[in-house]
Amino acid sequence: MSATVEARKLSGALATVSPTPDDTPTPPPSPTPKKISKPKPAPYYKNCDAVRAADDAPLFEGDPGYRPELDRDGDGEACEPGGGNGDLGGYDDTNGDVYYANCTAVRAAGAAPIRRGDPGYSRKLDRDGDGIGCE
């Protein structure tokens, strides 16, 4: 039935009928607006000390905050436990007789500067990554 006023003939007289609440169309409910949350930006860590301070170490490739600059040895794991980066300090399976814990040990052995390929060379001894450690 329409919502307009209808004229009906009742017992020979015209009567005006007002629409009833059932005759009034109900508007469809408006959709509830969806909350759109912005994704959190990935954290940016200046260095591994910042990663450890945030208790996020180690970071793996694909983790928020991971970037290759934090992964010195390029193995997909950055800011590895113990302050290392997965290096074994120059020790390898074929020549495990030379190992330097740090540059003080390299200097004490008279091996400074130590170059990539030299026995005992390790990426952890080469802070700037130029192939020459304990400069």
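**View 1. The disulfides of the predicted model.** The structure, a predicted model, holds two disulfides, a disulfide being a pair of cysteine sulfur atoms within 2.5 Å. A disulfide is a covalent bond between the sulfur atoms of two cysteines. With the bonded cysteines of the chain numbered in sequence order, the pairing is 1-2, 3-4. Residues are numbered from 1 along each chain as its sequence is written, and side-chain values use heavy atoms, with hydrogens and water left out. Local features need pLDDT of at least 70 and side-chain atom pairs count only at pLDDT 80 or more, while totals for chains, interfaces and linings use all residues.

**View 2. The disulfide between Cys-48 and Cys-79.** The sulfur atoms of Cys-48 and Cys-79 are 2.1 Å apart. The torsion about their S-S bond is about -80 degrees, so this disulfide is left-handed. Cys-48 lies in helix 1 (residues 48-53) and Cys-79 in the loop between strand 4 and helix 2 (103-108), so the pair ties together parts that are 31 residues apart in sequence. Helices (H or I, at least four residues) and strands (E, at least two) are DSSP runs, numbered from the N terminus. Both Cys-48 and Cys-79 are buried. Buried means under 20% relative accessible area, exposed over 50%, and partly exposed in between (1.4 Å probe, protein chains only).

**View 3. The disulfide between Cys-103 and Cys-134.** Here the S to S distance is 2.2 Å. A torsion of about -85 degrees about the S-S bond of Cys-103 and Cys-134 means that the disulfide is left-handed. The pair links distant parts of the chain, 31 residues apart: Cys-103 is in helix 2, and Cys-134 is in the segment after strand 6 (132-133). Cys-103 and Cys-134 are buried.

**View 4. The salt bridge between Asp-49 and Arg-52.** Two salt bridges are found in the whole structure, each a side-chain nitrogen of Lys or Arg within 4 Å of a carboxyl oxygen of Asp or Glu. In one of them, the closest N and O atoms of Asp-49 and Arg-52 are 3.9 Å apart. Asp-49 and Arg-52 are separated by about one helical turn because they are three residues apart in helix 1. Asp-49 is exposed, at 57% relative accessible area, whereas Arg-52 is partly exposed, at 29%.

**View 5. The surroundings of Arg-67.** Arg-67 is in the loop between strand 3 (59-60) and strand 4 (77-78). Its relative accessibility is 16%, so Arg-67 counts as buried. Arg-67 forms a salt bridge with Glu-69, with the closest N and O atoms 3.5 Å apart; Glu-69, at 58%, counts as exposed. A polar atom of the Arg-67 side chain lies 2.6 Å from the backbone oxygen of Tyr-45. Apart from neighbours within four places in sequence, Arg-67 is in contact (heavy atoms within 4.5 Å) with Tyr-44, Tyr-45, Lys-46 and Asn-47.

Note on methods. Polar contact = N/O pair within 3.5 Å; in protein donor to acceptor, adjacent residues only side chain to side chain.
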